[in-house]
Amino acid sequence: MDNQKATLELGTKPVGQLLMRYAVPAIIAMTASSLYNMVDSIFIGQGVGAMAISGLAITFPLMNLSTAFGAGVGVGASSLLSVKLGQKDYGAAQNILGNTVMLNIITGISFSIISLLFLEPILMFFGASAQTLPYAKDYMEIILCGNVITHLYFGLNALQRAAGKPQLSMYMTIFTVILNAILDPIFIWPLGLGIRGAAYATVLSQLFALIWQVVMFSNKAEFIHFKRGIYRLKSQLVKNIIGIGMSPFSMNVCACFVVIIINNSLVDHGGDMAVGAYGIINRIAFIFVMITIGVNQGMQPIAGYNYGAMKFDRMMRVLKYAVICGTCVTTVGFIVGQFFPEQCVRLFTSDETLISLSVHAMRLTTVSFPIIGFQMVVANFFQSIGKAKVSVFLSLSRQLVFLIPMLLILPTLYGVDGVWYSMPVADTISALVTAIIMYLFMRKINKQKTI
């Protein structure tokens with residue numbers, strides 16, 4: 001099926017079928033992506049040691065900051081592409097591809113240069129100690145050298161999905177996971193590269209996937225493909241891409257600052273092992289978050305297209321289905337976190353102290369998981385239809401408005417447990433605010449339908 005036919009079906013086929021068609025590949029891809037991160041952590045924990053897990057956790061803020069720039073471009077471009085295809089503005093859709101490539105190259109290289117110049121002080125600011133700094137530095141030096149590859153890979157992956165090729169996007173992600181799982185143990189054990197080996201495996205697997213993407217987008221038979229004249233940055237397109245992408249950008253930047261506060265608070269109240277525990281539960285929780293993101297990615301082109309085509313009934317229907325799916329996913333996460341934490345934690349480490357800390361933290365932090373799915377889906381919905389300001393607010397409210405104050409107050413009262421308590425408290429308040437905003441939006445849509 002060519003891209004034009006696929007995108008036209010977004011406005012005609014049954015919404016439930018469309019969500020299944022777009023969400024299932026995205027869910028598989030996001031599950032694979034979360035396993036990608038888990039594989040790294042498992043091999044590092046079992047092959048290098050418990051302190052290496054803590055060192056890896058120290059890199060999370062910098063990884064989030066890098067992701068912020070990549071997501072700001074990739075998600076913004078894919079959302080805009082869906083709307084333009086819904087409006088049948090195919091010339092703009094073609095230029096979005098070229099502008100996305102250029103923006104990813106510019107942001108990827110710039111971020112790498114700046115980060116590498118100040119890497120050690122950055123990691124110390126993020127909570128690294130004398131024991132964890134060598135591991136964090138070794139890992140990030142390799143990751144940052146391949147940062148532009150990562151940005152291009154994720155950017156083109158998002159465009160493939162928005163342009164009616166969700167299955168191809170899924171295959172790309174699965175390919176990187178499998179290759180990374182093969183390369184990780186080779187680089188860590190036989191080659192003796194330790195934590196740097198895991199970083200090499202990550203970059204190389206994404207490089208091979210990027211080469212595959214370039215070949216696909218170079219095919220002139222494709223509706224959206226590389227050609228001369230699309231790479232020159234167009235101010236209006238760049239403005240729209242950045243405007244829509246401000247929500248995921250802001251969310252990841254806030255995540256960076258939140259993790260900095262968490263890491264430093266954990267070091268102060270629980271030591272390096274507490275940071276390692278956070279690294280483990282973060283990887284486990286990441287699976288359910290990424291699956292929910294997969295649901296969002298399946299919803300995004302359908303909601304964006306039908307909003308652009310002013311088919312509001314279809315738009316609201318796909319939102320309803322996505323909320324149900326997202327809530328089911330995060331509820332499963334709650335069940336796993338409450339009843340099977342030890343089995344999950346032992347995958348990463350055999351250190352009994354780290355296991356005990358991680359199990360306790362996992363039970364506390366997953367208490368609010370059943371309501372996280374709703375909040376994530378609704379925030380992404382507003383991003384999908386180009387309501388950047390609302391999406392940015394909902395993304396920021398959980399982390400900036402609610403979580404950071406909790407992280408500053410609760411640890412002073414409850415010590416290391418206060419860090420874990422702060423997360424479900426912020427999630428609960430954020431979900432309530434999201435519900436109110438969604439109610440107001442639905443009233444507005446209902447009024448438009450009666451005019």
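**Helix packing, cysteines and selected residues**

User: Is M310 buried or exposed?
Analyst: M310 has a relative accessibility of 62%. Buried stands for under 20% relative accessible area, exposed for over 50% and partly exposed for in between, with a 1.4 Å probe and protein chains only. At 62%, M310 therefore counts as exposed.

User: At what pLDDT do side-chain atom pairs count in this predicted model?
Analyst: Residues are numbered from 1 along each chain as its sequence is written, and side-chain values use heavy atoms, with hydrogens and water left out. The model is predicted: local features need pLDDT of at least 70, totals for chains, interfaces and linings use all residues, and side-chain atom pairs count only at pLDDT 80 or more.

User: Where is M310 placed?
Analyst: The phi of M310 is near 60°, a positive value in a residue other than glycine. Helices (H or I, at least four residues) and strands (E, at least two) are DSSP runs, numbered from the N terminus. M310 is placed in the loop between α12 (272–308) and α13.

User: What is the angle between helices α4 and α11?
Analyst: Helix α4 covers residues 60–86 and helix α11 residues 235–270, and their axes lie 7 Å apart. Such axes are lines fitted to C-alpha atoms, for helices over the stretch in contact, and angles run from 0 to 180 degrees between N-to-C directions. The two helices pack at about 160°.

User: What does that angle make α4 relative to α11?
Analyst: Angles under 35 degrees count as roughly parallel, over 145 as roughly antiparallel, 65 to 115 as roughly perpendicular and the rest as oblique. Given the packing angle of about 160°, α4 is, relative to α11, roughly antiparallel.

User: How many charged residues are in the contact of α5 with α8?
Analyst: Helix α5 (residues 90–117) and helix α8 (residues 147–162) pack at about 155° with axes 8 Å apart, and this angle makes α5 roughly antiparallel to α8. In contact (heavy atoms within 4.5 Å) are residues including T100, N104 and F111 of α5 and H151, G155 and L159 of α8. Ala, Val, Leu, Ile, Met, Phe, Trp, Tyr, Cys and Pro count as nonpolar, Asp, Glu, Lys and Arg as charged, and the others, Gly among them, as polar. On that basis the contact of α5 with α8 holds 10 nonpolar and 8 polar residues, and the charged ones number: no residues.

User: Which residues of α3 meet α2?
Analyst: The axes of α2 (residues 15–47) and α3 (residues 50–58) come within 6 Å and cross at roughly 145°. The contact has 5 nonpolar, 2 polar and no charged residues. From α2 come S41, I44 and G45, and they meet, in α3, A50, A52, I53 and L56.

User: How far is the sulfur of C328 from the nearest cysteine sulfur?
Analyst: C328 is partly exposed, at 48% relative accessibility. C328 is in no disulfide, and the nearest cysteine sulfur, that of C325, lies at 6.6 Å.

User: What separates the C-alpha atoms of T331 and P370?
Analyst: T331 lies in helix α13 (residues 312–339) and is partly exposed at 27% relative accessible area. Leaving aside residues up to four places away in sequence, T331 touches F369 and P370. T331 and P370 are 39 residues apart along the chain, yet their C-alpha atoms are separated by 4.3 Å.

Technical notes. A disulfide is a pair of cysteine sulfur atoms within 2.5 Å.
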